Amino acid sequence: MSYTHPRSGRWSRAMAPLLLSILATSVLGSSFASAAGEPAPMVLQNVTLEDVVNNRRGICNGGFTHVIKTASSASNVRNYLNAAQTCGLKVIFHFPETVNHSTGTVYPSRVASWVGLAKGHPAFFGSLTVKEPSWNRISAAEIRSLYWAFRKADPAHPVLAIFGDIPHFNGTANQYSKGMADIAIFDWYPVETASGGCSRSGSSYIANGPKWFGRIRTVLASESPNTVPWLMVQTHKYLAPSCHKKQLPTEAQLRRQVRDGLTYLKAAGIAFHVFQNTNYDSDQRRHPSMLNWMRTIANQVHAGTF
């Protein structure tokens, strides 16, 4: 069946118990909770099988815990899970045959066969249903239909969704309600070119993220208090002829993004966008310093010293 429609060390020590408390109590009450002392999820995205096998840029031993991967075939699912297990990463699979973001069509009837390929593997963490649904005309009802299809097919693993357009979160075009996700990932990419986004060099930091993060927390508390928020932060550079394109963050700007997420969103995990994307001018694979900054942040968060 388918659905179609047209700071300081003192601050760090104080935050560490709160972060661990969130991890220990949030996901589906306690069904998918991380035990106290387990590392906060530090998530890579779009890492190829070859890069996992070859431990590209030291991703297997750099404080990273999870990877978001789009499944391309049954063999890809099995091979990727085996490689991730060796690498020490948990896999969040997005199954593109269950949703077509180009047409805004979801296919709940296809969920069981795909999640069945992964749910018995120890490296499997959970399933990702949709990415920025408001930009792709995917409705709240359709997101819920996917959520419940995944929950029925695999009640043992969390269902995740990525929400963009956070200034309009829970608005008419970006509706939110319970039954959409066990873990909600919010992407917020605040580093843009200077001069209102029109400069070809320099950068500015959009500072109103904390305001939107507070609103997200209010919505989650009202609609689905057991849903865990993660933040996806910007590490990429994408410049095009039009204005308001994204610039490569400095180390300070990357750290500010993570700190804003932990402080104002109360994010229980941090995802870094993106390891590889050839549409961008720069990504993590082509920027070893960015990986080093990410690795340092991940290890500091785990140690409670960020």
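Modeller: Let us begin with a single side chain, where contact means heavy atoms within 4.5 Å: setting aside neighbours within four places in sequence, Ile-270 is in contact with Pro-41, Met-42, Val-43, Leu-231, Val-233, Val-258 and Leu-262. This is a predicted model, in which local features need pLDDT of at least 70 and side-chain atom pairs count only at pLDDT 80 or more, while totals for chains, interfaces and linings use all residues. Residues are numbered from 1 along each chain as its sequence is written, and side-chain values use heavy atoms, with hydrogens and water left out.

Colleague: Which residues touch the most other members of the largest nonpolar core?

Modeller: A nonpolar core is a set of buried Ala, Val, Leu, Ile, Met, Phe, Trp, Tyr and Cys residues joined through side-chain atoms within 4.5 Å, where buried means under 20% relative accessible area, exposed over 50% and partly exposed in between, with a 1.4 Å probe and protein chains only. Here the largest such core has 69 residues, and those touching the most other members are Phe-93, Phe-163, Phe-186, Ile-270 and Phe-272. The element that gives the most to this core is helix H5 (residues 140-153), with 7 residues; helices (H or I, at least four residues) and strands (E, at least two) are DSSP runs, numbered from the N terminus. A second, separate core holds 15 residues, among them Ile-68, Phe-125, Leu-160 and Ile-183.

Colleague: How many disulfides does the model contain, and which handedness does the one between Cys-60 and Cys-87 have?

Modeller: Taking a disulfide as a pair of cysteine sulfur atoms within 2.5 Å, the count comes to 2. One joins Cys-60 to Cys-87, with an S to S distance of 2.0 Å, and the torsion about its S-S bond is about -105°, so this disulfide is left-handed. It links distant parts of the chain, 27 residues apart, with Cys-60 in the loop between helix H2 (49-53) and strand S3 (66-70) and Cys-87 in helix H3 (residues 74-87). Cys-60 counts as partly exposed because its relative accessibility is 23%, whereas Cys-87, at 4%, counts as buried.

Colleague: And which parts does the pair Cys-198 and Cys-243 tie together?

Modeller: Cys-198 is joined to Cys-243 at an S to S distance of 2.1 Å, and the torsion of about 105° means that this disulfide is right-handed. Cys-198 lies in the loop between helix H6 (194-197) and strand S11 (203-205), and Cys-243 in the loop between strand S12 (228-234) and helix H8 (251-265), so the pair ties together parts 45 residues apart in sequence. Cys-198 is partly exposed at 44%, and Cys-243 is partly exposed at 31%.
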